[in-house]
Amino acid sequence: MTPNKEDYIKLIFELEGETKQIPNKIIAEQLAVSAASVSEMLVKLSKDGITTYVPYKGVQLTPKGATLAKNLIKRHCLWEVFLVEHLNYSWSDIHEEAELLEHATSDKLAAALEKYLNYPTICPHGSIIPSENGVPRIQGTETILDLEIGESAEISRVLEEKELLDYMTEIDLGIGRKVKLIAKASYGGPITLAVEEKREVQISLKAIEKIYIKRIRSEVVTE
């Protein structure tokens, strides 16, 4: 299977295409390709038994397609873990490298890599790595914006966008950091957070919408 086909499969899965139809327009926008190119590829994937495609309505992954997508995502995540833990890559520099490596990784190599890494369960950005046999990932969907003033949470996942990751590195805000919502500026202004009860940072609304959390209930943020 070509890397191009694999990229389509992964994207459809990440857009929740395992459980619902995804419109061609959204896929074209995400991949920055023409609508005609998307339609052509979706027809090919449908013929391969990877998707079910209904023109003018959208595309959905078949069970075969969903399994392929989860295996691709797993390989991508494993390489991200390897690059960070063993080659000292920054979490903002690993996505493109892992993207190349996942397409060249056989089942045998993926199994060996997973064993070598001692079966990690999350990638450096906090996403859950699909388990054996492609068990679905259950990802948290709450962001800091869902908190009330004074509520605390732990950062659990961040979208893989280089500018966002570089920014978070700059302000020392990463996975596992405990934060408390201090203030929300009006009219889409910045959010003020207390980080580990040591310092305060202001973060733009654009960034905060891409930072996911696990709530800390009835706890005081500690070191």
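The buried residues of helix α5 pack against α1 and α4 (63-87). Here, buried means under 20% relative accessible area, exposed means over 50%, and partly exposed lies in between (1.4 Å probe, protein chains only). Helices (H or I, at least four residues) and strands (E, at least two) are DSSP runs, numbered from the N terminus. The model is predicted: local features need pLDDT of at least 70, side-chain atom pairs count only at pLDDT 80 or more, and totals for chains, interfaces and linings use all residues. Residues are numbered from 1 along each chain as its sequence is written, and side-chain values use heavy atoms, with hydrogens and water left out.

Helix α5 spans residues 94-103, and its buried residues are Ile 94, Ala 98, Glu 99 and Glu 102. Seen down the axis of α5, they fall within an arc of 135 degrees, so they line one face of the helix. The arc is that of the directions from the helix axis to the C-beta atoms. Glu 96 and Leu 100 are exposed on the other side of α5.

Helix α1 (residues 3-14) also meets helix α3 (residues 35-47): their axes come within 11 Å and cross at roughly 90 degrees. Axes are lines fitted to C-alpha atoms, for helices over the stretch in contact, and angles run from 0 to 180 degrees between N-to-C directions. The two helices, α1 and α3, are therefore roughly perpendicular (angles of 65 to 115 degrees). Residues of α1 in this meeting include Tyr 8, Ile 9 and Ile 12, and those of α3 include Met 41 and Leu 42.

Glu 6 lies in helix α1. Glu 6 is buried, with a relative accessible area of 11%. Neighbours within four places in sequence aside, Glu 6 is in contact (heavy atoms within 4.5 Å) with Met 1, Leu 72 and His 103. Glu 6 and His 103 are 97 residues apart in sequence, yet 7.8 Å apart in space, C-alpha to C-alpha.

The structure holds 17 salt bridges. Each is a side-chain nitrogen of Lys or Arg within 4 Å of a carboxyl oxygen of Asp or Glu. Lys 10, Glu 99 and Glu 102 are linked in a network of salt bridges. Lys 74 and Glu 114 also pair through their side chains (3.1 Å, N to O). Lys 74 lies in helix α4 and Glu 114 in helix α6 (residues 107-116), so the pair ties together parts that are 40 residues apart in sequence. Both Lys 74 and Glu 114 are buried.

Conventions:
Parallel < 35°, antiparallel > 145°, perpendicular 65-115°, else oblique.
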